Structures are given as C-alpha cells and as structure tokens.
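Could you walk me through this structure, one local feature at a time? I would like to follow it in plain paragraphs.

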Amino acid sequence: MMTRRKMVLSTSALLAGSAAFFQRLRFARAVDPATAPAPASQPARPYTPVTTPNGSSLPWTIEDGCKTFRLTAEPVKREFAPGMTVNCWGYNGQTPGPTIEAVEGDRVRIYLTNKLPEPTSIHWHGIILPNAMDGVSGVTQPHIQPGETYIYEFTLKQHGSQMYHPHSDEMTQMAMGMQGFFIIHPKNPTRIIHRDFCIFLQEWFVEPGSSTPNPLIMTDFNLFTFNSRVFPGTDPLVVKTGQRVRIRLANLSMDSHPIHFHGHQGWTTATDGGPIPQSAWWPATTVNVPSGTTRDIEFVADNPGDWAFHCHKNHHAMNAMAHDFPNMIGVDQSGVAERVSSLVPGYMPMSTNGMGGMGSMHMPLPKNTLPMMTGTGPFGPIEMGGMFTLLKVRDSLSSYDDPGHYAQPPGSAPRRAGAPAASAPSSEAVLYTCPMHPQIVQNGPGKCPLCGMTLRVKK
Ligand SMILES: [Cu+2]
C-alpha cells in the first residue's frame, strides 16, 4: 500500500539537454502506473495520463473492439498513514478503486466481480449512457450477488471527470471506501495540461484503537482522507515551475470540502456536469466540493516553493481526535494534570493555551491510530493531519519523485523582531535527517515521523 509511484524521466530525455525536447519527452515517456506507456497489447494513448496520488490507473485490454477493464469489489486493507491500517472495502485491492481512463468516443466494456460478503452494483456517476447500464440495483438491474460477475458496455459520448461507485447498500459501501475516478479524456483537447492529478475526498469514523470504519456515523467523522490517505501519508503534488496543473477533486462523503491551495490563483474549469466555458471560469484559491460532485481546478504553477494544499474545514485537516473534552482555553490548570494523573494514568487535559503543543507531544495513543496533529517540516512540527498535502513547485526536477524540502532563497524568510536581518536558514545551520528516510530533514533533533528512528546530524 505504501508504494509511492515514481515518475522517472527517461535517461535519454535527461541527456538530451534541450528544454523543448525535454518538455516533449516528459509527457510522452514518463514511467508510472498511471502514466507508463501502454503495454504492447494496448493502443497508444493520445492524451496526458492522470496521476492518482497514492493510487494508480487501471490497465485495459481490447476485447471485441471495446476498451475492456476488470474490477473486483472486495475487502481491502488500507494504510491511512504509517501506524494505522484500516479494514476497508474497495476495488482491486485499493480504495479508492483504480482510476479508469478512456477517451471520448471509446466503447468501453467493464467486468465487475463481486467478492464482497453482500450484494453490490456499480453506477457510472455523471456518464451519459443507456438506462440499463446505469447500475442502480433494483431499478435498472438485479443486485450482483457475492461470487457473480456482471458486464457493462457503453460508448463514451462526453469528456470530463466522472466517478464510479456502488448503488447497492450505498451507506455501507461508500463509507467503507468504494469509489473511484472515471476520467474521460477529450477527443480534441483544446489546451495542454502538464500535470493532471485526481484526488478523492472521503471521511470515516474509526473508533481509536479499532480498525473498521463505522458506516452508521452520520456527522461526527474522525478521519478525513485524500485518496484514502491522511497527512503525513499523503503523496506531495510535485510540479515544475511554469507547468499548467489540473487537480480533479471528487467527493462522495457526507460533507462538502472547501479545498484551499496556497501561492497560486486558479479557476474552477469543470464539474461532473462537464467543462465550464472559459468565459465562466471562476477564479479562486479555495474550491468547495459538495457531496456527490467533482470539481476541476486549473492553475499555472508560477511560484516555486512548498505550498500547503488542504481542506479548509479546520477539523478536516487533522487526524482522529476525541471531542468530548471540556474546553480549557484560558483556564488556570496549575497542578491539575499531575493530581488527576495519579488517579487516571495517562490523563492529558486540553492545554490552557490551545492544542498546538500536541504536534510535538508524545502522548500515549491507543493501538492503530494516529496523532491528531503531526508531521515535521524544516522549521519544526507541522501540526496537521487529514486532508493535507504539499504542492511542491520547483524550477528544476529530474523526476516527479518527492524533491524534499524547499530551499528558501537566503534572506527571504520572515525574521524574529529584534533579530538581525537575513535570518533565513543558512548552510551552516545544523540539519538533522533520518538514516532510513533522507527526505526527512529538520533543523533540530527528534524522531522520524515515518519510522520513529532518532534523527542524525545531516552531513
Ligand atoms: Cu473537509
């Protein structure tokens, strides 16, 4: 589950030197489950494939002239972040299921095999197709019983960001993680998108110390995911300065999610109803994604750095937390914690001065859960979780692998009042890193947030 897709640029592209040549090759030859050249058995792809962070695209074969995909609905174990694995339901061992990519005009055939313990069906959300192919159990077809396989077949008459999900015991099956993207590329693209990401938004309630989501919860969820991962388990979105970026967001959770991106202005260019005419694109730095919809955001990545990308509902950018504490902000608690701890081992009250300190605190946690606020950056604890990742914009990249922390230009950082100017981290600063995870670098000692090893001085 931890496999992070690598987009390695071809060696010949690296050696070629010419920027234009390099640019062209990147799109044609990136290596990635989502972007690998089609196997010899498959036709060439006349489009820039999407990247599904922490996920992948579904391979296809050609059968009777149809682009043919195979999905298996089944229980899956999903690591939300190192330290927490959840018993989910999904497709082909994944939640969200693998991204289906096809082109407007394709005739597609999709096999769905049910390996769940209950009946299911599959609905093609937003796709215009014959009524009998709509996948609504009881209305357009019988339920697909455990062990059965059904075959769907239709012609794609549109393009855009669509979804697939069950239309059978929806409350349980979607709350357990059954959903996926169905991307239909345009037959005649009108503009080049250099980096095209797909992020599925979902929310869950997993009782701390347990492993199975509770589908009966209606409002008080405790885990909020990008592609069924929480920060710091979410892949960064790595792009090169100047690239045109599209981020397709889909939401089948019980709440809307206002997704905010730092450092750039973007537009909402499409919904699950299709592309929006350019004259009606809506400029924004936060795009609200209501339940049951998709939204495409586009922007030009013209501002290098590590930029936060997150849901702006504050509780959605943190991990499992209990809410039934008294509010202690501003309350004098001197000596209280010590006295209660002698009666209740491990007692920890909400802090008088807010919750920020939890990001660096080593509070005892139940088994199989995650700290509420976590992650470490070059300047200390990040104090985030849930629907949070980083958009990493770099002037030069040799691959789309995580490039590590952004090196701020000297003198560009804010400085403590009274401190001498140009207090940006200098090359003489002592940096600490993990022997196992070189991408973890910080300016103080501590433990690796990924594996818990003690950090060593970086040479
Ligand atoms: Cu949210």
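What follows is a short tour of this predicted model, starting at the metal and ending at the rings.

Let's begin with the copper ion. Its protein donors are ND1 of His 257, SG of Cys 311 and ND1 of His 316, and they lie 1.9 to 2.1 Å from the ion. If you trace these donors along the chain, you will find the spacing H-x53-C-x4-H. Two of the residues, Cys 311 and His 316, are buried. When you look at the site, bear in mind that water is not among the atoms, so sites may look incomplete.

The peptide bond leading from Thr 95 to Pro 96 is cis, with omega near -10°. Pro 96 belongs to the loop that runs between β3 (84-91) and β4 (100-103). Another cis peptide bond joins Phe 231 and Pro 232, here with omega about 10°. Pro 232 sits in the loop between β11 (223-226) and β12 (237-240).

That loop between β11 and β12 is also the place of Ser 228. Ser 228 is not a glycine, yet it has a positive phi of about 55°. Is Ser 228 buried or exposed? Its relative accessible area is 2%, so Ser 228 counts as buried, given that buried means under 20%. Asp 169 is another non-glycine residue with a positive phi, in this case about 40°. You can find Asp 169 in the loop between β8 (160-165) and α3 (170-175). With a relative accessible area of 34%, Asp 169 is partly exposed, because that class covers the range between the 20% and 50% cut-offs.

Now for a sheet. Three strands form an open sheet in the order β25-β24-β26, and their pairing is antiparallel. β25 (441-442) and β26 (456-457) stand at the edges with a single partner strand each, so one side of each has no neighbour in the sheet. Strand β24 (residues 432-433) pairs with β26 in the antiparallel sense over 2 bridges. To see how they line up, look at Thr 433, whose bridge partner in β26 is Arg 456. In general, strands of a sheet pair through backbone hydrogen bonds, whether parallel or antiparallel.

Finally, let's turn to the rings. The structure holds 13 aromatic pairs. In one of them, the ring centres of Trp 124 and Tyr 164 are 6.2 Å apart and the planes meet at 50°, so the pair is tilted. This pair links distant parts of the chain, with Trp 124 in strand β6 (residues 123-125) and Tyr 164 in strand β8, 40 residues apart. Both Trp 124 and Tyr 164 are buried. Phe 181 lies in strand β9 (residues 180-185) and Phe 200 in strand β10 (residues 195-204), so the pair ties together parts that are 19 residues apart in sequence. Phe 181 is buried, with a relative accessible area of 1%, and Phe 200 is buried with a value of 1%.

Trp 124 and Tyr 164 also belong to one aromatic cluster, together with Tyr 91, Tyr 152, Phe 154 and Phe 182. Charged side chains meet rings too: Lys 67 lies over the face of Trp 60, at 4.6 Å from the ring centre, and Arg 70 lies over the face of Tyr 111, at 4.3 Å from the ring centre.

Definitions and conventions. Residues are numbered from 1 along each chain as its sequence is written. This is a predicted model: local features need pLDDT of at least 70, side-chain atom pairs count only at pLDDT 80 or more; totals for chains, interfaces and linings use all residues. Side-chain values use heavy atoms; hydrogens and water are left out. Donors are N, O and S atoms within 2.8 Å of the metal (3.2 Å for Na, K and Ca); water is not among the atoms, so sites may look incomplete. Buried means under 20% relative accessible area, exposed over 50%, partly exposed in between (1.4 Å probe, protein chains only). Helices (H or I, at least four residues) and strands (E, at least two) are DSSP runs, numbered from the N terminus. Two strands pair if DSSP finds at least two bridges between them. Rings of Phe, Tyr and Trp (its six-membered ring) pair if their centres lie within 6.5 Å; planes under 30 degrees apart count as stacked, over 60 as edge-to-face and the rest as tilted. A charge sits over a ring if NZ of Lys or CZ of Arg is within 6 Å of the ring centre and within 35 degrees of the ring normal.
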